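Look at the model below.

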Amino acid sequence: MAAFESLHVWKTPEIRERLDWYFQVSVNKLPAKYLLCRRVPIYDELDGLTEEELWRLHDKAASEFHRIRQGIREGSITFKELRPEKPNLLDVKAALVKKMLRHCNFCRWNCRVDRTTGGKHGTCQLESTTRVSSYFHHRGEELPIRGTKGSGTIFFTSCNMRCVFCQNADISHDKDNGVVFTSQMLAWAMWQLRMEGCHNINLVGGEPTIHLHTIVEAINMLRFFKETYAEAMDAKADIYYPYSLDTRNAYYEGEFNTPILWNSNMYMSGETMKILRELVDIWLPDFKFGNNKCAIWLSRTPWYFETVSQNHRQIYEWGEDIVIRHLVMPGHLECCTKPVLRWIAENMPGTPVNIMDQYHPDCYCNPSDPRFDKRYSDMARYPTEEEILESYRYARSLGINFEEITFEKSLRFHPLFLR
Ligand code: SF4
């Protein structure tokens with residue numbers, strides 16, 4: 001923890017202040033949001049309630065959650081004085097997502113299919129089973145996220161978008177890859193990663209949204225485990241490394257504590273946003289396209305811009321910790337990069353942004369891949385140096401908070417190394 005706390009990135013006020021909640025949960029000086037959810041009582045039995053009734057209970061309890069969280073932040077309420085309750089806000093969330101799964105509205109596609117019957121499939125092609133492609137200590141995320149011991153990253157299979165350049169297509173385009181995970185296995189894998197020293201639990205894919213039911217149930221089961229789920233280890237990608245389990249990595253007032261990180265394309269529904277608001281300690285969203293035409297052409301995703309911008313705006317208005325990722329795509333500077341950066345500057349000033357230069361032609365855009373599609377030939381190249389530099393110049397002219405996060409990840413175009 002000491003090495004993580006002394007990272008230079010935390011000495012930069014525009015990062016430290018923006019990520020204060022996440023930082024403090026990560027070093028176990030504050031409880032994760034899910035621990036607070038467990039302390040918000042519900043004064044009703046949940047069995048037999050309709051979805052509408054559950055939402056009413058949820059919204060009322062969520063207000064209480066925010067009052068408590070504010071008190072914890074200000075020091076006017078102590079965690080010790082709060083008792084675990086049953087049922088609680090987290091139980092209501094778990095009950096709600098179970099109901100949502102029966103007419104799936106997890107994401108903006110709003111397919112309304114019942115994913116529990118094995119009948120008609122929605123866009124993500126998933127039923128209720130969750131698969132994990134791999135999980136491990138990720139050493140390649142942004143410095144505040146990967147820290148010194150890695151980000152506890154869990155890759156879920158399948159996706160609700162179909163990006164032709166997907167750099168994770170083996171995971172996101174093949175819904176049957178990986179290992180079937182129950183909620184218990186998922187909770188155990190989260191526990192294992194955190195006990196091994198990971199600074200957060202990084203839920204990604206594919207896309208985590210489409211596995212919302214398993215994830216919420218798993219968070220509800222988080223605790224110190226005594227048993228082992230050997231089946232989960234089949235998906236552990238860094239099993240060769242002898243990490244040891246240490247309670248001190250995850251200990252807050254006698255309870256298992258870890259920040260939850262949502263690493264997502266942000267194409268989720270308003271209902272999913274409401275479920276996640278009191279569970280996610282730090283958001284790591286992608287903001288890819290600056291207009292719907294590019295989103296449809298490159299990701300077969302309608303209503304992209306309004307959905308994703310609205311979800312970003314909400315996080316900002318809620319005052320949550322967030323780092324936005326934008327991938328510079330070849331030939332998409334004017335239509336995507338600049339409009340996205342402009343939107344962030346106007347709507348989320350001060351938010352840390354990673355302007356990523358690592359686009360490479362992959363999947364349908366890779367001429368040496370059997371899936372290559374000639375229609376995407378213009379995407380079959382790396383962004384030029386000038387495209388990357390112009391992205392930075394433009395971000396700088398807008399006053400975007402990007403340099404600390406971006407240049408730490410990519411020294412290729414750092415001002416110091418350019419002639
Ligand atoms: S998660 Fe999204 S794409 Fe999948 S069934 Fe639900 S609404 Fe459709």
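## Helix 9

Twelve of the 13 residues of helix 9 are buried, so it is largely enclosed by the rest of the structure. Buried means under 20% relative accessible area, exposed means over 50%, and partly exposed lies in between (1.4 Å probe, protein chains only). Among the buried residues are Trp 188, Trp 191 and Arg 194. Helices (H or I, at least four residues) and strands (E, at least two) are DSSP runs, numbered from the N terminus.

Helix 9 covers residues 183–195. Its first C-alpha and its last are 18 Å apart, close to the expected 18 Å. That expected span is 1.5 Å times one less than the number of residues. After helix 9 comes Gly 197, with a positive phi near 110°.

## About the model

This is a predicted model: local features need pLDDT of at least 70, side-chain atom pairs count only at pLDDT 80 or more, and totals for chains, interfaces and linings use all residues. Residues are numbered from 1 along each chain as its sequence is written, and side-chain values use heavy atoms, with hydrogens and water left out.

Strand 4 spans residues 201–204. Both of its faces are covered. Ile 201 and Leu 203 are buried on one side, Asn 202 and Val 204 on the other.

Two strands pair if DSSP finds at least two bridges between them. Strand 2 (residues 151–156) runs parallel to strand 4, joined by four bridges. Here Ile 154 has Leu 203 as its bridge partner. Strand 7 (residues 260–262) also pairs with strand 4 in the parallel sense, over three bridges. Here Ile 201 has Ile 260 as its bridge partner.

## Thr 406

Thr 406 sits in helix 16 (residues 403–409). Is Thr 406 buried or exposed? Thr 406 is buried, at a relative accessible area of 1%. Beyond its neighbours within four places in sequence, Thr 406 is in contact (heavy atoms within 4.5 Å) with Val 353, Asn 354, Ile 355 and Tyr 392.

## The cavity

The structure holds one cavity of 30 Å³ or more. A cavity is a set of points on a 1 Å grid over the protein atoms alone, where a 1.4 Å probe fits but cannot get out. Volume is the space filled by probe spheres set on the points, which are joined across faces, edges and corners. The largest cavity has a volume of about 90 Å³.

The lining divides into eight nonpolar residues, five polar and one charged. Ala, Val, Leu, Ile, Met, Phe, Trp, Tyr, Cys and Pro count as nonpolar, Asp, Glu, Lys and Arg as charged, and the others, Gly among them, as polar.

Methods. 1 Å grid on protein atoms, 1.4 Å probe; cavity = no way out; pocket = protein on both sides within 12 Å on 5 of 7 lines; lining within 4 Å.
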